[in-house]
Amino acid sequence: MQLKYHMGNKNPLRHSIDYTRTYRGDAMAKRIIKYAPGEQIIKRGDIEHRMYIILHSKVEISINDGIKKVVLSELGRKEFFGEISLFTKSPRTADAFAREASQLTYLDSIEELDQFLKKNHSYSNMMVKILA
């Protein structure tokens, strides 16, 4: 399995993983959510602890203070977001919108992430580096 960390982008939300193996017989394969273009996936300030993995399309991560919208990142296939709230149980720090018709899967708990990491050692190593 390959893991790519976008070193040129200091945004910790931007990671990429090859999930091809993960979905064969895995419970995550059954948890696919579809979003329409422009549909909001995450709302800044909400209390929700799900980590999303993009299966298809692009997702925009942004902050809007009511005066100005700042796009932090545009993520694509095999990238993930929402890990901060999964780990810290804190409110969402940014908004996420589907840029196109999108398909996502997700992890709802540290236990699910732990099971995923046990199957994907290279991802586990990168996650440790990101959190250190």
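Glu-60 sits opposite Glu-74 in β7. The strand β6 covers residues 59-64 and is joined to β7 by 6 bridges, with the two running antiparallel. Strands here are DSSP runs of E, at least two residues long, and helices are runs of H or I with at least four, both numbered from the N terminus; two strands count as paired if DSSP finds at least two bridges between them. All this comes from a predicted model, in which local features need pLDDT of at least 70, side-chain atom pairs count only at pLDDT 80 or more, and totals for chains, interfaces and linings use all residues. Residues are numbered from 1 along each chain as its sequence is written, and side-chain values use heavy atoms, with hydrogens and water left out.

Zooming out, β6 and β7 belong to an open sheet of 4 strands, ordered β4-β9-β6-β7 with antiparallel pairing. β4 (40-42) and β7 (69-75) are at the edges with a single partner strand each, so one side of each has no neighbour in the sheet.

Across the chain, buried residues make up 41% of the 132 residues.

How far can the model be trusted? The mean pLDDT (the predictor's confidence in each residue, from 0 to 100) is 77, and 71% of the residues reach 70 or more.

Methods
Buried < 20%, exposed > 50% of the residue type's maximum accessible area, 1.4 Å probe, protein only.
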